[in-house]
Amino acid sequence: MSEEFNQSALDYHRYPKPGKLEIKATKPLANQRDLALAYSPGVAAACREIEEDPFTATHYTSRGNLVAVISNGTAVLGLGAIGGLASKPVMEGKAVLFKQFADIDVFDIEIEERDPEAFIETVARLEPTFGGINLEDIKAPDCFIIERALKERMGIPVFHDDQHGTAIVVNAAILNGLRVVGKDIGQVRLVTAGAGAAALACVDLLVAMGLPKENVTLTDIAGVVYEGRPEEMDPYKGRYAIATDKRTLAEAIEGADIFLGLSAAGVLKPEWLSSMAEHPIIMALANPVPEIMPDLAREARPDAIIATGRSDFPNQVNNVLCFPFIFRGALDCGASEINEAMKVACVHAIADLAMAEPSDIVRAAYGGHQLQFGPEYLIPKPFDPRLMEHLAPAVAQAAMESGVATRPIEDLEAYRQRLHHRAYRTGITMKPVFDQARLAPKRVVFAEGEHERVLQVAQQAVSEGIARPMLIGRPEVIGNRLKDLGLSIRPDRDFDLIVPCENPNFENHWQTFYDQVKRRGYAPDEAREYIRNDPTVLAATMVRCGDADAMICGIVGRYIRHLKHVEEAIGTAPGVRRLTAMSAVVLPKGPLFIADPYVQADPDAEDLAEIARLCAAEIKRFGLEPKVAFVSHSNFGSHDAPNATKMTEAVRLLREQDPELEVEGEMHSNLAFDAIGRRERFPDSRLEGRANLLIMPNQDAANISFNLLKTMNEGGAFGPILLGTAHAAHIVTPSTSVRGLLNMIALAAVQAG
């Protein structure tokens, strides 16, 4: 590491507070009643339930989602036997990965004990605390002894990630490497450099998946592991000792299809690669410097498929692809262990996910690089949010089928959906909308049909079955980009391609648009030019003519320009004075909707009442009951400034127009969420509980509030949702993600229905 990077790492761990973890309460502790429920005397009720039935601990405590990451620091990656205390930053890091990738809570436990038996006794007594044990950075052969003994004694999953996590990801990479080169696992030869815990676990799992044991040659610091070898032997590697006269890696690698390196830098020489079989698979996994650098391997064998443990080369073999999700599946079905069937299921799930359609989120996380299954993309990237919903259900299903699940999951598809919502925090809010959209998929036209994000979301819309995409663009551009992105959708079969210069409905479209704008100073020739050259106008007019059910635009260009064309071509719905927009952020306690951040700059009282009415109706599409707060610098009449009095008047108008709507204001924004404080300040409040819709006095307040919350909140955001149009139309912003576009397609489709 450079001195600068080293200092940055130290600062990262030290500031703003030391370490990478903290404990956070999941229940309120704000008053005496909360204290009585959380501790004495209320806690006794939960204790008695667990005493009577230990399985209820999952219902009343965090145990069912709590894993221990445990080490004695005897084999810390790249650092060696540094001891328990010095290993703590690594274990905290592992805990953070569990939480980030699979929402699993972790206590890291560092034990200063080198004797395996004493270590086993210490860990075994922790069983009441945890739902699973992740052993980490323990030297061989102690790790074999410790894991086997703990698995025998404990009724919860015990998993040594250095062995089995590595093995699962390596097996997935090799399985897909064999798919790429067209070889059968039952016919290939494998040679290792390294015969430690990780290497042996990799080979064991490969053999379980069909690699003939006799086709394996182990090598280590003493050379080939052969029958009768006296030095550096133990029963674990002795299982793979073979009868051979070969004594070195250079000799053993001749004719091998796969090289698996889990040893040391530079042990594989470029000149040896020429003797390997055609299209060899080279897994050089030593860190930080692999057994052979990929550029040297590629130069020696251009036909090779190469993987390393490094993030700066293709095909990084990283345990984070496995351990969070195998534990997620195991915990959720109450598995008593992580067995061979669960590991094999995880291998296949990882391998199959790499062959799925590319993910925009992964692409964005990795600098815009296109990720498409092939020699340089054998396994998914760690930041692929689909990992949880693919891997955990596969693991849970294998646990149930192999008889180790104590809490079988009755509906795996519903479980998969819950995991999907966990990965995409907006998912749970949007689920009712997606369900409605699937009942009667509508035609949704995209003005910017050539844009990469639009093409990606069109693929997802087809896969989700929520809409029939219609894309405005040039056939050659869309065709080339579909190919570059690795997307499988095709015109006519999966979506409709609208080519403006070949528009068969041109006459009807320009005439319809002209009829809408002729009193706005447009000449017929201008109307024709807009239909030919402005895709937003064309999309809006298609919706107006009934050639599409809904439209989405705004990926390119300013919101106000798109809004002008939508207002002209589509207009407002009957009885609506002005269009408005609403955006949402998904907070831990549920979604919060904010209006109007994009359309109306300074609405008057009548406008505000209409904004609230339109937004409240839209919120009901999400299966929620709207709770409306008009927020202001004034608190129930405390100020008489124009911005405050118009809010008071808007509340009065809204109550006349919709007496059943739960609404209150004007009030400070904190009181919109604090029912107790609101009741103390204004006992006559008609708003119960927490508001979920904030009506702001002007666009500045709404836009600033929304963007601040969106930036500070990790749960996600969606919108803006355009409301009040005569036909379904939405204008997104240039920063909208593919996931955000998918949400808008679902909303547009439901509104069109």
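Predicted model: local features only at pLDDT ≥ 70, side-chain atom pairs only at ≥ 80, totals over all residues.
Residues are numbered from 1 along each chain as its sequence is written, and side-chain values rest on heavy atoms, with hydrogens and water left out.

The annotated positions come up first. An unreviewed UniProt entry puts an "active site" at K94; UniProt positions are given here in the numbering used for this model, feature names are shortened, and annotations may be inferred rather than shown by experiment. K94 sits in helix 5 (residues 88-102), where helices are DSSP runs of H or I with at least four residues, strands are runs of E with at least two, and both are numbered from the N terminus. With a relative accessible area of 7%, K94 is buried (buried means under 20%, exposed over 50% and partly exposed in between, using a 1.4 Å probe and protein chains only). Leaving aside residues up to four places away in sequence, K94 touches V69, N134, E136, D161 and F323, contact meaning heavy atoms within 4.5 Å.

The unreviewed entry in UniProt also lists a "binding site" made up of V76, L77, G78, L79, G80, A81, I82 and G83. G78 lies in the loop between strand 1 (66-71) and helix 5, and G83 is found in the loop between strand 1 and helix 5. At 65% relative accessible area G78 is exposed, whereas G83, at 5%, is buried. Among residues beyond four places away in sequence, G83 touches N72, G73, E112 and R114.

Next comes the packing around helix 19. Helix 19 (residues 452-464) packs against helix 29 (residues 738-752) at about 50 degrees, with the axes 9 Å apart; axes are lines fitted to C-alpha atoms, for helices over the stretch in contact, and angles run from 0 to 180 degrees between N-to-C directions. The pair is therefore oblique, given that angles under 35 degrees count as roughly parallel, over 145 as roughly antiparallel, 65 to 115 as roughly perpendicular and the rest as oblique. On the helix 19 side the contact uses R453, V454, Q456, V457, Q460, A461 and E464, and on the helix 29 side V738, L741, L742 and I745. By class, that makes seven nonpolar, two polar and two charged residues (Ala, Val, Leu, Ile, Met, Phe, Trp, Tyr, Cys and Pro are nonpolar, Asp, Glu, Lys and Arg charged, and the others, Gly among them, polar).

Helix 19 also meets helix 20 (residues 475-485), with axes coming within 10 Å and crossing at roughly 70 degrees, so these two are roughly perpendicular. Here E452, L455 and Q456 of helix 19 meet I478, R481, L482 and L485 of helix 20. This contact has four nonpolar, one polar and two charged residues.

Finally, the backbone. The S40 to P41 peptide bond is cis, with omega near 5 degrees, and P41 falls in the loop between helix 2 (32-38) and helix 3 (43-52). Another cis bond joins A140 and P141, with omega about 0 degrees; P141 is in the loop between strand 3 (132-135) and helix 7 (142-153). D103, a non-glycine residue, has a positive phi near 55 degrees and is partly exposed at 27% relative accessibility. F636, not a glycine either, has a positive phi of about 55 degrees, but is buried at 17%.
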